[in-house]
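Subject: Structure for you to look at

Hello,

Here is the structure I said I would pass on. Please open it next to this email and follow the notes below it.

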Amino acid sequence: MSAFAGFVRKEVYHILRDKQTLWILLLMPLVQVLLFGYAVRTDVRDIRLALVDPAPGVASRALTQRFATSPRFQLIDVYRSPLPLDEAFRSGVVRQAVVLPADLDRALLGHAPVSVQLVSDASDPNTGSIMQAYATSILRRWHDERTGGNPGMRVALATRLRYNPTLESVNVFVPGLIAFVLTIISAMMTAISITREKETGTMEMLLVSPLRPWAIVAGKVAPYVLLGFLNVLLVLAAARLVFQMPLRGSVVLLLAECLLYILTSLALGMVISSRARTQRTAMIAALAGLLMPTLMLSGFIFPIDSMPEPLRLVSNIVPARWFLLIVRGIMVKGAGFAALWGETAVLAGITLLLLAVGARRLSVRLD
Amino acid sequence: MRVILFLMRKEFLQVFRDRATVFQIFFIPIVQLLVLSHAATFDIKRTALAVIDADRSTMSMELMRRMEGGGRFEVVLVQSTAAGIEDALLTRRANAVLGIPRGFAADIARRSPVTLQLQLNAEEGAAVGIVLAAAQAVVADFARSAGPTGPVTARVVPGVPLDIRTQGWFNPSRNYKHYMVPALLVSLTTIMGLLLTAQNIAREKELGTLEQLNVTPITKGQFITGKLLPFWLLSLLIFGIGLVVGKLAFDIPLRGSVPLVFLAAAVYLVVALGIGLWISTFTRTQQQTMFVAFFVMLVYLLMSGLFTPVDAMPRWAQWAAEANPVKHFVFIMRAVLVRGAGLETVAGPLIGLALGGAAVLGLAVRQYSKQTT
Amino acid sequence: MTPIAIEARELTRKFGDFTAVNAISFQVAQGEVFGFLGANGAGKTTAIRMLTGLLQPTAGSATVAGHDVVHEPEQVRRRIGYMSQRFSLYDDLTVRENITFYGGIYGLSTRDIVERMDALLARIGLEHARNELVGRIPLGWKQQLAFSVALLHEPAVLFLDEPTSGVDPITRRRFWEMMYETAAGGTAMLVTTHYLEEAEYCDRLSIMVEGAIAAMGTPSEVRRAFGADTLDDVFLRLTRPGAVA
């Protein structure tokens with residue numbers, strides 16, 4: 001037992017002495033929380049809009065006012081003809097344009113439809129749709145005001161946004177961020193660390209010592225468990241203190257699930273390191289096999305419901321996917337274990353499977 | 001000059017000799033590009049909808065039919081009370097709940113205004129906007145077809161309908177992949193290039209071969225060029241292959257000048273790899289290097305407008321993003337490939353990148369010392 | 001070429017408060033094999049790093065191959081060779097590729113490289129391994145190869161840091177024969193070693209203790225100065241705690 005303790009101590013020294021890594025280990029989650037909370041947003045604001053008004057009149061001026069004063073839009077210019085639009089859109093100066101007809105005032109009095117063109121930069125279809133919706137609602141309101149009424153049944157839709165009514169990006173991203181940070185620290189760094197011993201030949205020495213193979217791995221891995229946990233606490237603290245992110249469920253449950261996921265990440269790291277021979281291989285394997293799936297396939301940024309069927313199936317084996325549901329459930333929705341036992345079971349199952357695979361490959365052989 | 005050729009030759013030998021390395025450097029990013037591009041979309045396919053139908057009339061059935069008819073919703077649960085709805089939302093059995101009040105059909109017949117209740121699971125944030133828009137569209141449609149409000153008397157001014165013709169430029173098919181594939185390509189190329197460069201140098205440091213080189217008469221400039229050039233070429237190659245794959249597999253738009261994009265990529269990669277090199281000048285082990293490099297890169301990628309629009313960032317972040325080479329390259333890529341912009345539009349960012357490259361290289365040369373202190 | 005290949009004058013290196021090398025002075029002549037001995041941590045590696053331009057001295061100066069290490073490091077590097085403890089040949093390149101690479105780095109013409117490579121491989125008997133990956137070659141061969149590669153550009157001075165660690169006695173002897181041959185050609189060599197029997201092979205030697213030179217001279221001079229039968233005894237006497245006045 002004291003050999004093991006001594007080994008863990010050496011590993012801790014390694015990490016503590018490595019000031020650079022330590023700084024980043026503690027800094028990284030904080031920086032990311034701040035970035036995600038403040039900078040990385042998906043809301044659409046300050047839409048750069050241009051109006052094409054060939055025959056300005058009272059009505060078109062009223063519309064121009066509406067767009068100019070709307071907080072969602074940034075009126076760039078009012079053109080007389082649609083000619084400048086091409087270049088304006090191409091260079092990105094303008095992202096949306098409203099083209100009014102030349103006989104707007106007359107049309108508003110007559111009985112013919114008022115035909116307005118709404119051009120949106122749809123390079124990003126998502127933003128394009130949202131911009132379109134915003135502009136459409138302004139246009140409709142303007143039109144209602146001009147013509148005194150909306151023909152048609154007044155059916156109102158009272159909307160209630162549940163769990164995250166203000167659409168705080170923190171609430172959306174923080175759970176994924178925890179998974180992401182843990183994947184880097186507990187999985188990637190562990191994999192690289194173990195592979196490092198293999199590559200430099202010190203693994204040989206360790207294997208010949210009285211330490212059993214499992215003890216070697218456990219010792220290598222222990223500091224990263226601590227670091228991972230520390231990071232989780234940092235992220236949660238930052239999210240709560242700086243952004244007032246809610247924590248509606250049980251803190252104990254949350255931390256317990258985080259521990260489970262840390263174990264999952266470690267198991268992943270172990271599996272990678274058991275097959276990688278050099279540190280570079282471990283790094284690339286961790287990137288391609290862990291980080292990218294965690295980033296792209298877990299529901300962190302892109303909703304799983306949007307993915308095509310085959311990818312949705314694949315996402316089922318990405319542990320982060322389940323962890324995200326759990327953390328979001330606990331923090332944002334206030335769910336208890338009763339609602340989340342299914343996801344927890346899946347995560348636990350994946351972990352056991354990975355541990356079994358990793359342990360088996362950790363033989364006394366060196367390749 | 002000759003010395004640089006010798007240095008480059010060694011790097012290429014080391015990379016291409018090992019089949020595993022070639023696999024890792026080329027195959028893996030391309031496979032990731034192919035697979036992950038399909039994941040990068042916000043296009044919600046079908047939202048699971050629960051309906052609390054207190055009216056249970058043909059009118060409410062009609063409404064439900066229309067909700068499903070648009071293809072955006074799938075009715076998974078119909079009840080007359082709200083019992084168990086909370087649970088359904090909690091367990092994600094349903095992600096939207098439509099509440100049809102009692103007297104719905106009667107109100108419609110009487111032409112008096114009616115209010116429906118809609119609850120949406122907003123845990124995924126902005127994505128809910130699309131679902132909301134879809135629901136609003138169905139309801140508005142339903143309202144229009146149900147006829148005008150109010151008693152049908154002469155007092156009602158029918159009004160002039162508004163016809164909004166919408167056009168989506170640059171991506172008429174609304175294909176999200178056209179937007180994301182180039183973004184993914186940039187990320188993957190950057191990740192591979194930067195990490196490989198940094199890790200490579202760190203490895204030589206660890207093994208001691210770097211010390212051996214330090215004792216030779218090669219200059220700092222020769223060393224840095226000899227290290228950067230091979231990886232720069234490799235990264236450019238990956239980028240090129242990625243573009244071809246993007247075109248063949250996803251039909252990404254190539255509206256502008258492709259050579260211009262390559263020029264931008266070439267300049268950009270000098271900056272990106274230069275940063276990797278600069279990082280390796282102050283780290284000691286591979287593990288450290290990979291960690292630092294990875295972190296730096298992550299920040300750059302997140303703040304670059306690749307995944308979330310720069311326009312959505314607060315002012316200070318937008319300012320900071322000006323110092324981000326990835327942001328400029330992404331702008332150039334999207335402007336040229338998707339919008340077909342020309343040199344005039346991208347000249348600014350391009351020059352910015354060139355200056356950045358010069359600065360980073362200068363920094364690296366200064367920082368790289370054959371000596372330890 | 002001056003007859004003095006290496007000259008250190010009060011060469012000193014401090015790391016904060018700790019003095020790793022304390023004002024050492026010595027000379028190595030052309031064609032001389034100079035042994036640089038000392039316990040671990042005595043300052044040998046630090047001294048060598050200063051002489052090869054890898055570390056700046058805190059005080060003092062040194063001239064190697066006729067150039068000042070502080071003011072003309074690049075000229076120094078052109079005229080010295082270095083064989084480090086870790087060999088520093090690329091394991092994932094073949095013998096031929098390694099030789100070609102280092103030859104090119106030192107500015108040798110392709111013809112020179114080819115000629116010298118052939119001669120080198122013939123001399124150490126590795127022609128059959130020309131296209132073998134260095135990583136696969138046994139340790140003894142690798143060490144001789146590293147030595148030869150360090151001499152490829154015909155340096156005036158060769159620094160060797162623990163060149164024979166981990167090698168069997170027979171190979172070690174052959175290695176020293178190679179060194180004598182090279183020295184006879186005029187190359188000065190500064191060798192650090194732990195093996196005190198090897199110290200006997202040197203023309204002159206110095207023993208460093210806690211950063212300073214505690215003994216210097218030919219092996220027999222040093223033995224006589226300390227009234228000891230073997231260098232081993234001298235060494236033990238010097239490195240026993242409190243032994244240095």
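**What was found**

Chain C has a mean pLDDT of 87, and 97% of its residues reach 70 or more; pLDDT is the predictor's confidence in each residue, from 0 to 100. Where pLDDT is low, the predicted coordinates should not be read in detail. The model scores ipTM 0.80 and pTM 0.81.

This is a predicted model, in which local features need pLDDT of at least 70 and side-chain atom pairs count only at pLDDT 80 or more, while totals for chains, interfaces and linings use all residues. Residues are numbered from 1 along each chain as its sequence is written, chains are lettered from A and ligands numbered from 1 in the order in which they are written, and side-chain values use heavy atoms, with hydrogens and water left out.

Strands here are DSSP runs of E, at least two residues long, numbered from the N terminus. Two of them pair if DSSP finds at least two bridges between them. In chain C, strand 9 (residues 204-209) pairs with strand 3 (residues 33-38) in the parallel sense over five bridges, and C:F34 has C:R204 as its bridge partner. Strand 9 of chain C also pairs with strand 10 (residues 212-217), in the antiparallel sense over five bridges; there C:V209 is bridged to C:A212. Strands 9 and 10 of chain C form a hairpin with two residues between them, and C:E210 in the turn has a positive phi of about 50°.

Five of the six residues of strand 9 of chain C are buried, so the rest of the structure largely encloses this strand. Buried means under 20% relative accessible area (1.4 Å probe, protein chains only). C:C202 is buried too, at 4%.

Regards

Conventions. Buried means under 20% relative accessible area, exposed over 50%, partly exposed in between (1.4 Å probe, protein chains only). Helices (H or I, at least four residues) and strands (E, at least two) are DSSP runs, numbered from the N terminus.
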